[in-house]
Amino acid sequence: MALLTTSPAFAFDAQKLDNTIDVFRSSTTAEGYIAHNSDRVLANLRGHWFGIILFSAAEVENAYDRLCQKNYSAIDEVDPNGFTLTSGKESGALLHVRFELITGNVYSVVTPQDDYVRYMGLESATDFQKRVGALARNGIATIHRVDENTLVVQKNYQMPEIYVRCPD
């Protein structure tokens, strides 16, 4: 008889199931899935962002103002098919990384080799070293918008990069 009673520890009901499914799709169609997730990633994406993956929670607060002043990345090219993240160095080198929608929240990542070589200061490297370095910057990314001001980018199944929006 004890096996037929409902355990209070297992409280997964129809509403929780609907909420869980809504995280991955907005409807039962493939088009709905793609639209829901891509719209969620691309909505209000323009702005200045900085990466926080190398900081502890205490360091982020201290670095926030400094990083938003000079070491930020800009997302200024957003369209229904993706966006471009531009990062700059004090040397003036710019790195343009294009995220092109594949499906839902999965994007192809393309970084022009010349941009990467200049940005990383690899001008004196061999052609083979330049190609190998640039290849690591291309691939597939899964992107999540944790909230309006937090962007998580996981490229090629590696450690995710976390970006926080700078105040404008």
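Mentor: We'll start with the overall fold and then look at a few spots in turn.

Trainee: Great. What should I know about the model itself?
Mentor: The model is predicted, so local features need pLDDT of at least 70 and side-chain atom pairs count only at pLDDT 80 or more, while totals for chains, interfaces and linings use all residues. Residues are numbered from 1 along each chain as its sequence is written, and side-chain values use heavy atoms, with hydrogens and water left out.

Trainee: How many helices and strands are there in the protein?
Mentor: The protein has 5 helices and 8 strands. Helices (H or I, at least four residues) and strands (E, at least two) are DSSP runs, numbered from the N terminus. Along the sequence the pattern reads α-α-β-α-β-β-β-β-α-α-β-β-β.

Trainee: And what share of the residues is buried?
Mentor: Of the 168 residues, 33% are buried. Buried means under 20% relative accessible area, exposed over 50%, and partly exposed in between (1.4 Å probe, protein chains only).

Trainee: Which strands does S8 pair with?
Mentor: S8 (161-165) pairs with S7 in the antiparallel sense over 4 bridges. Strand S1 (residues 47-51) is also antiparallel to S8, joined by 3 bridges. Two strands pair if DSSP finds at least two bridges between them.

Trainee: Which residues face each other there?
Mentor: Val152 has Ile162 in S8 as its bridge partner, and Trp49 stands opposite Arg165 in S8.

Trainee: What is Thr150 in contact with?
Mentor: Leaving aside neighbours within four places in sequence, Thr150 is in contact with Trp49, His144, Arg145, Ile162 and Tyr163. Contact means heavy atoms within 4.5 Å. Thr150 belongs to strand S7 (residues 150-155).

Trainee: Is Thr150 buried or exposed?
Mentor: Thr150 counts as buried, because its relative accessibility is 18%. Its side chain also makes a polar contact with the side chain of Asp147, at 2.9 Å. A polar contact is a pair of N or O atoms within 3.5 Å; within protein, one must be able to donate a hydrogen and the other to accept it, and residues adjacent in sequence count only if both atoms are side-chain atoms.

Trainee: What about the loop between S7 and S8?
Mentor: That hairpin has 5 residues between the strands, and Asn156 takes a positive phi near 50° there. Tyr157, in the loop between S7 and S8, has a positive phi of about 60° although it is not a glycine. Most residues other than glycine have a negative phi.

Trainee: How accessible are Asn156 and Tyr157?
Mentor: Asn156 is partly exposed, because its relative accessible area is 26%. Tyr157 counts as exposed, at 71% relative accessibility.

Trainee: Which residues form a nonpolar patch on the surface?
Mentor: Ile102, Ile140 and Tyr157 form the patch, with about 340 Å² of accessible area together. Ile102 is in strand S4 (residues 94-103) and is partly exposed, at 44% relative accessible area.

Trainee: How are those patches and areas defined?
Mentor: Patches are made of residues with over 30% relative accessible area and no salt bridge: like charges are joined within 9 Å, nonpolar side chains (Val, Leu, Ile, Met, Phe, Trp, Tyr) within 5 Å. A salt bridge is a side-chain nitrogen of Lys or Arg within 4 Å of a carboxyl oxygen of Asp or Glu. Areas come from the Shrake-Rupley method with a 1.4 Å probe; for residues, only the protein chains shown count as cover.

Trainee: Last one: which residues of helix H4 are buried?
Mentor: In H4 (residues 113-120), the buried residues are Asp115, Tyr116, Val117 and Tyr119. Their cover includes strand S3 (82-88), S4 and helix H5 (127-135).
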